[in-house]
Every structure is written in C-alpha cells, then in structure tokens.
Amino acid sequence: MGLSLNEIKRYSRQLVLQDMGAREQNRLKDAKVAVTGAGGLGCPVSTYLSLAGVGRIDLFDMDNVELSNFNRQFLYTPEDVGKPKVEVAAKRLQAVNPEIEVNAINKMITYDNAFDLFKGYDAVIDGTDNFPVRYAVNDACAVNKTPLFHGAVLMYEGRVTSIFPGETSCFRCAFPHPPPAGSIPTCREAGVFGAMTGIVGSIQSLEAIRYLAGLEVSLKDTLLIINADYSIYDKIKLKRRSDCTACGETFIPQPVDYSCEVVEG
Ligand SMILES: [Zn+2]
C-alpha cells in the first residue's frame, strides 16, 4: 500500500531525511507493535511511534490515571483521573494521527498470558514498572523471536537496550536473577525524575522506529545507562548466554513471583 497525499505531507520532515524515504515510511505503516505500559515510558514511546506513522500500536496497561502521574505522563489531563490510561492515551494518540490504528488493551500482563498476548508483533516496546512483568515480556519475546526495546527508570537513572532474540543478549542474559523482592525501592518510594522518563522513552522509540523502518539500531548487546546527576551516558557491553533460560538452547519457564514495583512505567 502506498502513501496518501496527506501522509506524504504529514511525514515530509522525516521523508527527506537521509536513509528515509517512501520505502521506509511504508515499512513503518505496515508495522504492528505492542507497547507495554502507558505510564512514564509508555507516554513518550507511544507518542513518538504514532507521530512517526507506525501503522498499528497496541497499548497494554491496566491502571487508571492518578494525579501522581502528572509529573511525567503527559498524555493525560486532570479530567482523566480515574479513567483507564490506555483508553485515554489511545484516543489522544489517534486524534493526533488518524492515519494509524491505536488500540487500548486494558489487561494485566502475566507470565501465563504474555506468550500469547505478544504473538504476531513486529516489535514490543517495554515500559512496564515491575520485574515480574518485565521478565514475562522478555521471555515471551525470546520464545516468539520478537525484537524487544527495553527501558527502565528509577530516580535520576535510566537504562535502555535493544534485544533481538537469537542474535543479541536478552534481558535475562544480562540479569539472570531478579533482585530479591523489596530490595530495590519502588518509584512510589524513591521517586522518578519526569524528564528522565522522556529521555529513556524517546531513545526506546528512536531505536524501535529505526528498526521498523529497516535502518540500523545502535543499542544491540549494549546497555545504555543514563545518570542525570552528572549527565553521564555509559554504555556497557552485554553478551548473549548460551545457558540463558529464555533465549538459550533450552527454554525453561521462570516466572518471577513477587510484585515489587521497581521502575517507572
Ligand atoms: Zn537470554
């Protein structure tokens, strides 16, 4: 399917970019992605994916809008308090870009349902806020061989990596064991710097959009750590593990069975 005149005008500033053109824009238009979490990361991620023209975006979250979201979650207004985040976010994104399809999926992600929920996507962009769901999404993407764009934020620090199952380190390769329940403070307890969620979510979406358009991505086998205290951007090399229970030779289901909220979603 080609691009309409409206689409050519809407995307003109990216169509003229070096390495971008009608072919790349059509790839974005044909892409189907899942965004897990419609919070601090989900807001910038889903905003930039939709503005770029990713053809179908499915938003997963089960929370309602709260006043404490407003230092970072810019898709909501005070009138939305109490409403399901995914429904408000999908409506807003759809209004800004009617050329694409945005779906609201108000559902809890668990280790049991993740493998089916995330089948058939070209990419998953993870903005969840707890380790059980993060490992469930990682394992589901590893088994389904779906590229996963990981991001996490707590306080003044953010982390991003791009995962290509079968080719690069997955989240479980980098962190085989989740931290003990309660060992890391929640964003509710420790706080989260709003602009950091914007930085991390923007980098996740940038990587995902480049991949979906057919361009190179830069955070394969690399964990980017951003510290806002000192404006430090560190890159740590990651290595795929052949004994990884998620992406290694033998898949072994390993649900994380605590519900410690650790990072902002
Ligand atoms: Zn792995």
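Leu 59 stands opposite Ala 104 in strand 3. That pair is my way into the sheet. Before going on, a caution: this is a predicted model, where local features need pLDDT of at least 70, side-chain atom pairs count only at pLDDT 80 or more, and totals for chains, interfaces and linings use all residues. Residues are numbered from 1 along each chain as its sequence is written.

Some terms. Helices (H or I, at least four residues) and strands (E, at least two) are DSSP runs, numbered from the N terminus. Two strands pair if DSSP finds at least two bridges between them.

Now strand 2, residues 56-61. Six bridges join strand 2 to strand 3, residues 101-106, and the two run parallel. Strand 1, residues 32-36, also runs parallel to strand 2, joined by five bridges. There, Val 35 stands opposite Leu 59.

Buried means 20 or more other C-beta atoms within 10 Å of the residue's own; exposed means 12 or fewer; partly exposed is in between; C-beta atoms are placed from the backbone.

Next, the connections. Strand 1, helix 4 (residues 42-52) and strand 2 make a right-handed β-α-β unit. Right-handed means this: with the strands pointing away from the viewer, the path from the first strand over the helix to the second runs clockwise. Strand 2, helix 5 (residues 85-96) and strand 3 also make a right-handed β-α-β unit.

Eight strands form an open sheet, in the order 3-2-1-4-5-6-7-8, with mixed pairing. Strand 3 and strand 8 (232-237) stand at the edges, each with a single partner strand, so one side of each has no neighbour in the sheet. On average, neighbouring strands are turned by 15° against each other, direction ignored. Axes here are lines fitted to C-alpha atoms, for helices over the stretch in contact; angles run from 0 to 180 degrees between N-to-C directions.

Where is antiparallel pairing found? Strand 5 (residues 148-154) and strand 6 (residues 157-163) pair that way, over seven bridges. Ala 152 stands opposite Arg 159 in strand 6.

Now the helices on the sheet. Helix 4 packs there, touching strand 1, strand 2, strand 3 and strand 4 (123-126). Its direction makes about 170° with that of strand 2. Contact means C-beta atoms, placed from the backbone, within 7 Å. Helix 7 (residues 131-144) also packs on the sheet. Helix 7 touches strand 1, strand 4, strand 5 and strand 6, and its direction makes about 165° with that of strand 4.

Val 137 counts as buried because it has 28 C-beta neighbours inside 10 Å. Leaving out residues up to four places away in sequence, its contacts include Thr 36, Phe 118, Val 124 and Leu 148.

Last, two loop residues. Met 155 lies between strand 5 and strand 6. Met 155 has a positive phi of about 55°, although it is not a glycine. With 17 other C-beta atoms within 10 Å, Met 155 is partly exposed. Ser 231 sits in the loop between strand 7 (222-227) and strand 8. Its phi is near 50°, a positive value in a residue other than glycine. Is Ser 231 buried or exposed? Exposed, because Ser 231 has 7 other C-beta atoms within 10 Å.

Technical notes. Two residues are in contact if their C-beta atoms, placed from the backbone, lie within 7 Å.
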